[in-house]
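Welcome! Please take a look at the sequence and the model before reading on.

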Amino acid sequence: MLTTVHVHNQTELLQEVKKQTDQIILTDELARFARELKKYQLTPNERLGSDLGSAGMTGLAENILNRVFQSYEGKDEEETRINERIQILYNIQLVDAETVMLRLKQLDY
């Protein structure tokens with residue numbers, strides 16, 4: 001049974017990401033935050049093709065590049081930690097114009 005939680009602020013988001021909640025619904029400012037993260041995330045098809053071609057090394061390279069990009073953006077440590085965990089653990093799905101859902105990657109395999 002899937003657990004879906006709607007979070008309203010960054011503190012709740014961090015708690016749910018730490019617990020690795022199955023699905024997390026984001027709206028308003030958190031949804032805009034997630035849309036920005038989605039720009040740096042490979043689609044499932046891109047990930048499959050690159051993982052096959054690189055013997056699985058794409059995930060490692062993606063994590064390193066994301067860390068480098070975030071260090072240049074000057075984000076605080078808590079936001080950086082949330083970004084890393086979301087990009088590693090979750091697929092970011094756009095539900096509608098105002099809503100984003102984070103879904104554990106392992107549920108899609």
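The notes below go from the overall layout to the helices, the core and a few single residues.

This is a predicted model, in which local features need pLDDT of at least 70 and side-chain atom pairs count only at pLDDT 80 or more, while totals for chains, interfaces and linings use all residues. Residues are numbered from 1 along each chain as its sequence is written, and side-chain values use heavy atoms, with hydrogens and water left out.

**Overall layout**

- The protein chain has five helices and four strands; helices (H or I, at least four residues) and strands (E, at least two) are DSSP runs, numbered from the N terminus.
- Along the sequence, these elements follow the pattern β-α-β-α-α-α-α-β-β.
- Of the 109 residues in the protein chain, 35% are buried; buried means under 20% relative accessible area, exposed over 50%, and partly exposed in between (1.4 Å probe, protein chains only).
- Counting contacts (heavy atoms within 4.5 Å) between residues at least 6 apart in sequence, 52% join residues at least 24 apart.

- The buried residues in α1 are L13, L14, E16 and V17.
- These residues cover an arc of only 170° around the axis, which puts them on the same side of α1; the arc is that of the directions from the helix axis to the C-beta atoms.
- The cover over the buried residues of α1 includes β1 (4-6), β2, α2, α5, β3 and β4.
- α1 and α5 pack at an angle of about 40°, with their axes 10 Å apart. Axes are lines fitted to C-alpha atoms, for helices over the stretch in contact, and angles run from 0 to 180 degrees between N-to-C directions.
- That angle makes α1 oblique to α5: angles under 35 degrees count as roughly parallel, over 145 as roughly antiparallel, 65 to 115 as roughly perpendicular and the rest as oblique.
- On the α1 side, the contact is made by Q10, L13, L14, V17 and K18; α5 brings E78, E79, R81, I82, R85, I86 and L89.

**Helix α2**

- In helix α2 (residues 28-38), L30, A31, F33, A34 and L37 are buried.
- Seen down the axis of α2, these residues fall within an arc of 160°, so they line one face of the helix.
- Exposed D28 and E29 sit on the face of α2 turned away from its buried side.

**The nonpolar core**

- What is in the largest nonpolar core? This core has 19 residues, and those with the most contacts inside it are L13, I24, L26, I86, Y90, I92 and L102.
- A nonpolar core is a set of buried Ala, Val, Leu, Ile, Met, Phe, Trp, Tyr and Cys residues joined through side-chain atoms within 4.5 Å.
- At least two residues of this core come from each of α1 (10-19), β2 (23-27), α2, α5 (77-89), β3 (90-94) and β4 (99-104).
- The most is given by α2, with five residues.
- Leaving aside neighbours within four places in sequence, L26 is in contact with V7, L13, A31, A34, E98, T99, V100 and L102.

**Single residues to look up**

- T99 lies in strand β4 and counts as buried, at 13% relative accessibility.
- Not counting residues up to four places away in sequence, T99 touches I25, L26, T27, R35 and L94.
- Q20, in the loop between α1 and β2, has a phi near 55°, a positive value in a residue other than glycine.
- With a relative accessible area of 33%, Q20 is partly exposed.
- D28, in helix α2, has a positive phi near 55° and is a residue other than glycine.
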